[in-house]
Protein chains: 2
Amino acid sequence: MLGAIEAGGTKFVCAVGDEFGNITDVIQIPTTIPDETMTEVINFFKKYSLDAMGIGSFGPIDVNMESPTYGYITSTPKTAWKNYPLVQAIKDAFSVPVGFNTDVNAAALAEATLGAAKGLDSCLYITIGTGIGAGAIVHGKLLQGLSHPEMGHILVPRHPNDKYEGGCPYHRDCLEGLAAGPGIEERWGDKGVNLVEREEVWDLEGYYIAQALIQYILILSPKRIILGGGVMNQKQVFSYIYKYLDELMNQYVNFPDLSSYIVSPVLGNRAGITGSLLLAYQALQDESRS
Amino acid sequence: MLGAIEAGGTKFVCAVGDEFGNITDVIQIPTTIPDETMTEVINFFKKYSLDAMGIGSFGPIDVNMESPTYGYITSTPKTAWKNYPLVQAIKDAFSVPVGFNTDVNAAALAEATLGAAKGLDSCLYITIGTGIGAGAIVHGKLLQGLSHPEMGHILVPRHPNDKYEGGCPYHRDCLEGLAAGPGIEERWGDKGVNLVEREEVWDLEGYYIAQALIQYILILSPKRIILGGGVMNQKQVFSYIYKYLDELMNQYVNFPDLSSYIVSPVLGNRAGITGSLLLAYQALQDESRS
């Protein structure tokens with residue numbers, strides 16, 4: 001049996017299940033302070049005999065196995081969790097292999113293995129909600145180098161008519177600063193769900209997402225792109241993305257048909273916890289190989 | 001013995017050697033029309049008993065092994081070479097495994113295996129000259145998905161004081177349009193080598209390269225970045241790149257010490273042909289495994 005934690009800024013989702021994404025028990029625990037939250041997390045899993053555990057966590061996190069702070073949540077604005085050794089806390093409670101990655105990488109792994117990019121050895125999963133994050137699969141594995149990617153913070157050329165200054169505390173008008181949910185709300189004075197009828201909102205949103213996709217495509221050349229997260233529930237954005245992407249690329253790179261190349265997730269809000277199960281499965285396999 | 005071709009727009013470099021980069025014979029053949037050039041290429045290699053051949057080619061090229069036009073040079077402005085089946089021409093002449101990739105990917109492979117990123121399973125190699133190209137190593141292998149990357153054409157926010165419109169025929173003011181050699185010459189009215197003393201030239205160049213590196217780092221998180229090509233022979237650019245990179249990232253992602261993270265190539269102008277030898281070696285290994 002595999003254990004999985006989707007560690008988020010407002011709640012921890014904990015589940016047990018298998019590597020096919022079947023979940024037999026699941027619980028949600030509020031994210032308060034580590035002592036409280038982790039006690040509840042550990043109590044949930046104590047009922048089960050686990051073979052491995054997988055964690056998809058909010059971040060930034062340290063995923064470099066050679067680092068002394070591997071398995072830590074690092075520079076989060078949630079001060080109680082800053083420099084918290086999440087992997088070690090789980091290892092101390094359960095002596096099993098622990099897989100660890102970002103929440104968005106877990107979701108990317110799930111969509112690549114069991115969802116919208118099943119069968120492909122290359123894809124890009126992007127979530128656009130209160131923040132923007134992305135995970136990539138390259139040669140069948142989660143892209144990782146020096147650290148995990150931080151694709152939501154890339155720079156995008158501004159739309160000439162957009163006067164909104166951008167809301168990213170680090171980079172002001174990076175992609176996340178311009179196109180995440182809070183940016184939509186600040187620019188237009190209302191939440192996206194209340195702006196469905198206003199075409200200019202989704203035209204501009206599509207413009208910025210297309211600018212970002214151009215960069216991702218030119219750099220990563222993914223075989224499929226999956227666009228999820230709360231903002232992408234506004235399906236009308238897709239047509240603007242397709243329009244601007246065609247214009248911007250100007251036929252320099254040949255795309256497949258855009259409606260099959262840039263798609264919605266299949267697993268929806270189960271992607272993170274399913275991916276965490278897959279991280280557990282990978283940790284188990286890595287352990288048995290070593 | 002391994003054969004290698006570095007197929008460029010002005011010349012084909014052909015060599016024989018081994019997978020350690022030792023070259024025992026080498027020749028340069030002008031790039032005219034395929035009939036002429038390829039006849040000379042084939043005559044050169046006929047003297048040797050080859051086990052495999054590697055080609056690092058100008059492009060764009062088709063590197064998708066499942067494509068009916070795999071091994072072709074595709075949409076090049078050099079009309080005589082457009083849709084030319086380069087791999088097939090070599091296979092027809094020599095019945096050996098043929099490795100095929102872009103010239104910049106070949107150089108990236110060489111720097112990763114024998115050069116400035118030796119021993120790392122992740123790096124990014126960028127060449128800035130008459131054009132801008134880049135190749136990435138991820139999980140120890142050349143990054144490839146739908147196709148090879150086209151990283152030189154990413155969009156970069158313009159410097160507010162830069163009035164030059166950009167020289168890319170596809171995207172006008174993409175990175176290549178703003179920061180490649182021809183852009184420097186058009187903007188400042190002279191070749192870079194004649195502008196060494198003008199600080200503002202290299203300040204602006206460093207500004208644009210830093211903008212691009214931010215995108216590459218946030219998306220790929222490479223363990224080392226190697227900056228080569230004619231423009232990067234102006235070593236004074238490095239200090240501007242470091243300055244702007246620190247400013248732009250605003251401590252969001254922790255870098256290693258920049259002078260060891262962003263470095264010059266080790267193999268110099270031998271990178272392309274050395275990488276082509278390595279492509280030959282990979283093709284030989286793939287053949288023996290299958």
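**Exercise 1.** Work out in which order the five strands of the open sheet in chain A stand, and which strands are at its edges.

*Solution.* Start with the order, which is β10-β9-β8-β11-β12, with mixed pairing. Here strands are DSSP runs of E with at least two residues, helices are runs of H or I with at least four, both numbered from the N terminus, and two strands pair if DSSP finds at least two bridges between them. Next, look at the ends: β10 (141-142) and β12 (262-263) of chain A each have a single partner strand, so one side of each lacks a neighbour in the sheet.

A word on the model: it is predicted, with local features needing pLDDT of at least 70 and side-chain atom pairs pLDDT 80 or more, while totals for chains, interfaces and linings use all residues. Residues are numbered from 1 along each chain as its sequence is written, chains are lettered from A and ligands numbered from 1 in the order in which they are written, and side-chain values use heavy atoms, without hydrogens and water.

**Exercise 2.** Trace the pairing of β8(A) with β9(A) and with β11(A).

*Solution.* First take β9(A): six bridges join this strand to β8(A), and the two run antiparallel. They form a hairpin with three residues between them, and A:Thr127 has A:Gly133 as its bridge partner. Then turn to β11(A), which pairs with β8(A) in the parallel sense over four bridges; there, A:Ile126 stands opposite A:Leu227.

**Exercise 3.** Follow β9(A) to its pairing with β10(A).

*Solution.* These strands pair in the antiparallel sense over two bridges. A:Val138 has A:Lys141 as its bridge partner.
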